[in-house]
Amino acid sequence: MPSHLFADPPARQPPERDAVDALINRTRLLRGDVDAVRRDASVIDDDDPQLRWQRALCDLAVHQLDDLGENLGQLRDGIPDMPAAEPPGDGPARTPAGPSTGSLLSRVGSAEWNLLTDEVSWSDELCQIFGRAPGVGGLSLDELPSVLLAEDQPLLTSMVTDCLVDGRPIDGEFRILLPDGDMRTLHMMGEPVLDTDGCTASMWAVLRDVSTLRRGAHLVGRTQDTLRHQEQMARAEHRMAAELQEAVLPSWRGSLPIPGRGASGLDIAARYLPSGSGELIGGDWYDALPLPDGRTLFTVGGLTGRGIPATSAMTMLLGALRGTALAGIDPGPAMGHLNQLIECSAQPALGSAVCCRFDPATRTLVWAQAGHPAPLLFRNGVGCPLPAPDGVLLGATSGVTYEQDRMDLLPGDVLVLHTDGLTPRADRSAGPDVLLRLAPRFAQARTAEECVRMLVEQLGTDERVDDACVLVARVEA
């Protein structure tokens with residue numbers, strides 16, 4: 001407001017008290033709603049950067065609504081009566097306690113600098129903000145920069161010069177250091193007061209302590225930067241994991257005919273199905289490998305975890321499994337070797353797998369599993385899981401022996417190998433029954449690729465919690 005000494009502005013009517021009361025009530029209601037959201041965010045894990053960012057925004061909003069309510073209260077009540085100044089004592093002036101949190105009047109002060117008489121007039125509230133006793137008086141415009149941070153002094157000098165020389169209003173922020181070493185951020189608004197000749201006679205200003213708001217805004221910005229950085233890192237990790245998975249899993253995505261000896265062979269098709277959220281890639285795999293002796297290895301499995309650690313560990317296991325198969329090692333002992341490999345790795349993990357080897361000459365299947373769902377056999381329109389040999393999770397314990405089983409297959413038989421994330425969220429309790437209901441349709445299919453398409457149509461929804469792999473092997477006549 002212009003100085004009462006050097007200006008005579010026209011009187012203005014105060015706003016209606018009832019209207020201001022209504023605004024105060026609405027502000028209080030909104031403040032309560034925001035505070036409820038803030039309390040809900042405070043009970044959640046602090047390790048989530050997005051939740052920290054949301055909570056910081058709520059804190060900032062609460063502070064701003066508090067200030068709005070207090071501004072409206074001052075508007076309703078009018079300018080408070082100024083207490084009479086106490087006579088200075090003989091002893092040194094004592095610095096009053098800092099402004100109490102939550103009181104707007106303790107965070108806003110006014111000042112006037114008379115250029116004609118060099119008189120400096122500071123309100124008691126402004127003295128409190130600067131950590132000065134009211135009896136000591138205020139700082140002159142020449143002394144004021146001395147309490148600012150060095151990097152903020154040019155800004156204040158520029159604002160004061162523009163105001164006094166060019167008549168420009170002051171509107172800016174700077175930081176001050178208190179006698180006790182604390183730092184505060186002040187927002188200063190002011191303008192020149194002209195005399196009857198149009199010359200600058202004095203300068204008045206209102207200064208507000210906005211330290212709490214700026215700390216809140218800084219916290220919001222910092223948590224937002226952290227969240228943005230983590231999102232960028234997650235996208236980069238997802239891209240790298242996808243590229244690694246693409247390089248390791250078989251290049252074919254449709255049917256892979258593997259000719260057998262004589263009149264029989266296998267038709268194999270597989271799919272990788274990402275989770276409904278499409279977030280970090282897991283450690284699931286599928287593979288089919290023709291062996292030098294004419295037999296065929298096919299397998300699915302998965303490791304715990306997400307992202308690059310899971311896909312890199314999957315790469316290691318899949319390479320080891322291919323090596324044991326090429327060396328002629330049976331599926332049961334091969335699972336034992338994988339378990340030892342996980343146990344000796346730098347990043348131990350848990351995993352499950354099923355490994356099958358098919359001999360086209362005898363149509364014999366030898367298979368083993370490590371804590372994994374058993375393959376599903378579909379024959380003559382009926383499906384059932386194969387009786388599983390003993391086998392614990394990979395990485396769960398050391399020195400364990402994995403059993404293997406053997407069975408004869410018939411032309412037209414269909415084997416479905418899958419990871420446990422195949423079924424959607426709503427059907428997780430149904431287990432393999434969801435897949436077994438496809439038996440009549442599998443009986444009509446002519447290729448493994450048709451069976452995979454049926455599975456994807458039935459289960460390839462956005463409700464899948466985890467990523468999954470499915471492999472279909474059909475015995476050809």
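Strands are DSSP runs of E with at least two residues, numbered from the N terminus. The model shown in these views is predicted.

**View 1. Asn380 in the loop between β12 and β13.** Asn380 lies in the loop that separates β12 (376-379) from β13 (382-385). Its phi is near 55 degrees, a positive value in a residue other than glycine. Most residues other than glycine have a negative phi. Asn380 is exposed, because its relative accessible area of 75% is over the 50% cut-off.

**View 2. Asp118 in the loop between β1 and β2.** The loop between β1 (108-114) and β2 (120-122) holds Asp118. Asp118 is not a glycine, yet its phi is positive, at about 60 degrees. With a relative accessible area of 65%, Asp118 is exposed.

View 3. Strand β3 covers residues 170-177, and strand β4 covers residues 183-194. The two strands run antiparallel and are joined by eight bridges. Within this pairing, Gly172 stands opposite Met188 of β4. Five residues lie between the strands of the hairpin, and Gly181 in the turn has a positive phi of about 95 degrees.

View 4. One face of strand β3 is covered and consists of Ile170, Gly172, Phe174 and Ile176. The uncovered face is made up of Asp171, Glu173, Arg175 and Leu177. Gly172, on the covered face, is the residue opposite Met188 in β4.

**View 5. Helix α7 and the elements that cover it.** Helix α7 (residues 331-344) is 14 residues in length and spans 20 Å from its first C-alpha to its last, close to the 20 Å expected at 1.5 Å a residue. Its buried residues are Pro331, Gly332, Ala334, Met335, Gly336, Leu338, Asn339 and Ile342. An α-helix has 3.6 residues a turn, so residues three or four places apart point the same way. Ala334, Leu338 and Ile342 are among the buried residues of α7.

**View 6. Thr27 in helix α1.** Thr27 is part of helix α1, which runs over residues 17-42. Thr27 is buried, because its relative accessible area of 8% is under the 20% cut-off. Leaving aside residues up to four places away in sequence, Thr27 touches Leu65, Leu68, Gly69 and Leu72.

Definitions and conventions. Residues are numbered from 1 along each chain as its sequence is written. This is a predicted model: local features need pLDDT of at least 70, side-chain atom pairs count only at pLDDT 80 or more; totals for chains, interfaces and linings use all residues. Side-chain values use heavy atoms; hydrogens and water are left out. Helices (H or I, at least four residues) and strands (E, at least two) are DSSP runs, numbered from the N terminus. Buried means under 20% relative accessible area, exposed over 50%, partly exposed in between (1.4 Å probe, protein chains only). Contact means heavy atoms within 4.5 Å. The expected span of a helix is 1.5 Å times one less than its number of residues. Two strands pair if DSSP finds at least two bridges between them.
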